[in-house]
Amino acid sequence: MQPKLNRLLRALAREGLEVAYDGRLYSVRLQGDAHAPPAEVLLPPDLPVEGKAFQQLAHLAALRHPSGGQVLRVRATPDFHPGDSGVAIGSVLHTRGLVVPGAIGTDINCGMRLHVANVSVEAFLAKRTAFVERMKGHYFFGTRDVTMGSRASEALLRDGVQGWLVETLERPLGCAGRADLAQLDAEVARIHLGGGLKGHPRWAPESFTREGLVRDAGLATIGGGNHFVEVQRVEAVEDRARAWGWGVREGQLAFMIHSGSRDVGKHVGVAWQDRARQAWPVGAPLPESGILPLGDARLVEQYLEAEATAANYAFLNRLLLAELLRQTLRELFGDVEAPLVYDVPHNLTLPYEGGWLARKGACPAGAEQPVIIPGSMGATSFLMVGCGDARALESASHGAGRARSRFSLSRGGADQSEAALGLAGVDCITLRAERRVEEAPAAYKPIRPVVDAQVEAGIVREVARLAPLLTFKA
């Protein structure tokens, strides 16, 4: 290990990085920048090191704004890998006096939602075809009906799921008219932050604030990339007392949803990265990374309100994706409760110790909080409980992390056999053949070392494991 590590450290030094490793944590910063805090990366020796991701982390730690503010700490989870926008996926950024729209990007409040159902796997598989055809209609062919009134739309953007529920209880429309609204109301307590932040409709596209009925084409859609809806089996329970309290039992059917704020997040994210550039003081040198923080208190306040608006949309998007699936289970299997276990965000800026904590592809892992870490569609996923570890900035990984880019998998000459991609036995439902290749198990790192590293570091503890049955990819 030592000769290999020394070669790696020399290679990173040639790329302008100061790097140290103690066998568990890497410490990384730009050479000659003694004022920047070192970025810490939890990474066991058997997981790959990506120089580009280290570069992105070091540049994030070195961010400054001419008007003041500071980066206090940068941490990365063991699934970290380079991000297309210049910020590594798996980054956690603690700041005071400034916020960084680019550290969240356009997939605002991408997150995970997990339900369990007392339906046997055998009974489910016996009706697999009927289930899949109904869900393809909802997720791919537009048979879903997510109509709402303009008051409900504005309440959603302003107050999140609770605002939407208040208006929907008065006037249930579309699939909400078939939902158990009392159950949805009770489940708000199992959504992180109650499913609502302080937003405002002015930051959303105009189509959400017009009078009359609102029919948004993006609501209850999965989205591209690594987003998915997966039906699973609760394979094993490790912490029986905690799992019992969360309603999780071995052998249950489960469904896990990974999606975000869709076009609303893109609308907000692009606008505010542009605005950060426009607000940069004339004559002040731009950061080499191209990632621009906001330092003006008024702009910070406005950005956080805009981010919250998109986050509110994402909470409802995941709720409706789940509700369409839950209603389909009820059509096929009768009175199925299918309660929510938890809904947790990945990409958000939230208050933290007198400043702000921005997570980019990282899961909150506060003490006693449910944490959901998915594997690839051919691997186990994990339900964990957070330990509130301060050194990890109370954050855990949001998956295993990509091992290969989408381009490398789909380029000419790449081995796209089922065996090479790890797709043997994988039941993937998609309308796009390239999605199955781009998101194949071979694209991702093994999940077990990522999870074990975080357990050993005292970041999370294992509650249950879930095995995939079938996966919807848009």
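Predicted model: local features only at pLDDT ≥ 70, side-chain atom pairs only at ≥ 80, totals over all residues.
Biologist: Do they run parallel or antiparallel?
Modeller: Strands 6 and 11 run antiparallel.

Biologist: Which residue of strand 11 is opposite His115?
Modeller: Leu340 stands opposite His115.

Biologist: And how many residues of strand 11 are buried?
Modeller: Six of the six residues in strand 11 (residues 340-345) are buried, which leaves the strand mostly covered.

Biologist: New topic, the largest nonpolar core. Which members touch the most others?
Modeller: Phe54, Phe131, Tyr139, Trp164 and Phe472 do, in a core of 109 residues. Helix 10 (residues 297-333) gives the most to this core, with 19 residues.

Biologist: What does Phe131 touch?
Modeller: Leaving aside residues up to four places away in sequence, Phe131 touches Phe124, Val231, Leu325, Thr328, Leu329, Leu332, Leu470 and Phe472.

Biologist: What is in the second core?
Modeller: That separate core has 36 residues, including Leu25, Phe382, Ala400 and Ala457.

Biologist: Where is Thr430?
Modeller: Thr430 sits in the loop between strand 18 (428-429) and helix 13 (433-438).

Biologist: What does the side chain of Thr430 reach?
Modeller: The side chain of Thr430 reaches the backbone oxygen of Lys473 at 2.8 Å. A polar atom of that Thr430 side chain also lies 3.2 Å from the backbone nitrogen of Arg432.

Biologist: Which residues does Thr430 touch, then?
Modeller: Not counting residues up to four places away in sequence, Thr430 touches Phe140, Arg435, Arg436, Lys473 and Ala474.

How values were computed. Residues numbered from 1 in each chain as written. Heavy atoms only, no water. Core = buried A, V, L, I, M, F, W, Y, C linked by side-chain atoms within 4.5 Å. Buried < 20%, exposed > 50% of the residue type's maximum accessible area, 1.4 Å probe, protein only. Helix = DSSP H or I, 4+ residues; strand = E, 2+ residues; numbered from the N terminus. Contact = heavy atoms within 4.5 Å. Polar contact = N/O pair within 3.5 Å; in protein donor to acceptor, adjacent residues only side chain to side chain. Pairing = 2+ DSSP bridges.
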